[in-house]
Amino acid sequence: MRLGLSSYLLMASGLFAASAGYSHFHSREIEQKAATLERRSLEASDAYSSTLAAGHQEDEMKLLDERRATLLRASAWRRVGLLSIALTVVSLFAAWVARELHRFREIALESPQEATAARAKGGG
């Protein structure tokens with residue numbers, strides 16, 4: 001069985017769609033981690049205001065840097081997901097174009113008698 005170009009493009013679009021799904025779920029997990037870091041930061045601020053512990057500023061800056069890095073990773077995964085969605089749409093369109101070109105090529109290679117007979121039967 002020989003696979004045509006449109007089959008390969010459909011397989012590629014399936015892979016791109018799977019990549020988009022994975023990226024979406026992965027970015028959600030990272031965003032949840034960032035939310036956890038934000039809660040830790042708020043709790044640390046509350047603890048500082050009640051105890052006035054030394055070194056709070058350094059701890060807070062570490063948490064903010066960690067949260068920023070986490071949000072940047074989530075943003076990168078979101079971009080990967082959007083790119084995967086765009087590539088899915090493009091590859092599906094390319095598969096459709098390849099199928100139509102193959103169909104038109106087959107029609108063009110038919111003899112005029114076969115084409116006339118096909119039209120008479122209601123096939124086109």
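Figure 1. Arg67 is partly exposed, its relative accessible area being 26%. Here, buried stands for under 20% relative accessible area, exposed for over 50%, and partly exposed for values in between, with a 1.4 Å probe and protein chains only. The model is predicted: local features need pLDDT of at least 70 and side-chain atom pairs count only at pLDDT 80 or more, while totals for chains, interfaces and linings use all residues. Residues are numbered from 1 along each chain as its sequence is written, and side-chain values use heavy atoms, with hydrogens and water left out. Arg67 forms a salt bridge with Glu38, and the closest N and O atoms are 3.4 Å apart. This pair links distant parts of the chain, with Arg67 in helix H2 and Glu38 in helix H1, 29 residues apart. Helices (H or I, at least four residues) are DSSP runs numbered from the N terminus. A salt bridge requires a side-chain nitrogen of Lys or Arg within 4 Å of a carboxyl oxygen of Asp or Glu. Glu38 is also partly exposed, with a relative accessible area of 38%.

**Figure 2. The salt bridge between Arg78 and Glu31.** In this pair, the closest N and O atoms are 2.4 Å apart. Because Arg78 lies in helix H2 and Glu31 in helix H1, the pair ties together parts that are 47 residues apart in sequence. Arg78 is partly exposed at 40% relative accessibility, and Glu31 is partly exposed at 24%. Across the whole structure, a search finds 4 salt bridges.

**Figure 3. A network of salt bridges at Arg99, Glu100 and Arg103.** These three residues, Arg99, Glu100 and Arg103, are linked through salt bridges in a network. Between Arg99 and Glu100, the closest N and O atoms are 2.7 Å apart. Glu100 is buried, at 11% relative accessibility, whereas Arg99 is partly exposed, at 46%.

**Figure 4. The aromatic pair of Tyr22 and Trp77.** Rings of Phe, Tyr and Trp (its six-membered ring) pair if their centres lie within 6.5 Å; planes under 30 degrees apart count as stacked, over 60 as edge-to-face and the rest as tilted. This rule gives a count of 2 aromatic pairs. In one of them, the ring centres of Tyr22 and Trp77 are 5.5 Å apart and the planes stand at 75 degrees, so the pair is edge-to-face. Tyr22 belongs to helix H1 (residues 5-51) and Trp77 to helix H2 (residues 56-109), so the pair links distant parts of the chain, 55 residues apart. Tyr22 is partly exposed, with a relative accessible area of 47%, and Trp77 is partly exposed at 26% relative accessibility.

Terms used. Helices (H or I, at least four residues) and strands (E, at least two) are DSSP runs, numbered from the N terminus.
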